[in-house]
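Dear colleague,

Please find the structure below, handed over for your study. I would ask you to keep it open while you read the notes on its salt bridges.

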Amino acid sequence: PQPDALGIKVENLPQLREVYACHYQLGDQAYWGPVAGRTIVTIRKFRDLPGLANGIRLIKLLQKRPGSRDPIGLEHLDVLIPPGPDLVELALRLNGRGLAGTVEDNGHHAWISLHFNGYEFKLTQTSVWDICRQQMAAA
């Protein structure tokens with residue numbers, strides 16, 4: 001497994017722009033796009049963040065969904081897992097080991113969601129940046 005993206009939740013579009021202004025200098029490219037009625041910005045970083053694992057390549061800034069009660073701040077970590085295992089099968093194996101994994105899909109890719117101490121870990125076989133490139137190519 002390889003860390004891929006750190007997800008940071010923000011309240012609204014003005015706050016998204018404000019947080020982006022604080023983080024854009026960490027990256028060399030950024031993708032702004034709509035997903036499920038909200039805006040998500042993905043920054044491909046080229047500098048390591050102090051105190052974070054150097055393997056994290058991306059920072060995702062996620063506007064809260066309308067009506068959501070999600071807390072603001074650090075929300076999740078996307079972790080790349082090798083392609084091949086069926087996600088439903090893998091989630092069942094994790095559940096058998098006492099980890100409550102659920103398969104989720106946002107229309108762009110699927111992942112296994114694991115919650116631990118208020119944080120979410122998304123096990124995915126697709127890099128967030130690959131999804132951004134697909135969306136840019138389709139535009």
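Predicted model: local features only at pLDDT ≥ 70, side-chain atom pairs only at ≥ 80, totals over all residues.

Residues are numbered from 1 along each chain as its sequence is written, and side-chain values use heavy atoms, with hydrogens and water left out.

A search of the whole structure gives seven salt bridges (a side-chain nitrogen of Lys or Arg within 4 Å of a carboxyl oxygen of Asp or Glu). Strands (E, at least two residues) and helices (H or I, at least four) are DSSP runs, numbered from the N terminus.

One of the salt bridges joins K60 and D78, at 2.8 Å from N to O. K60 belongs to strand β4 and D78 to strand β5, so the pair ties together parts that are 18 residues apart in sequence. K60 counts as buried at 8% relative accessibility, and D78 is buried at 0% (buried means under 20% relative accessible area, exposed over 50%, partly exposed in between, with a 1.4 Å probe and protein chains only).

In another, the closest N and O atoms of D28 and R44 are 2.8 Å apart. This pair links strand β2 (residues 27-35), which holds D28, with strand β3 (residues 38-45), which holds R44. D28 is partly exposed at 43%, and R44 is partly exposed at 25%.

E11 and K64 also form a salt bridge, with 3.5 Å between the closest N and O atoms. E11 is partly exposed at 38%, whereas K64 is buried at 11%.

Yours sincerely
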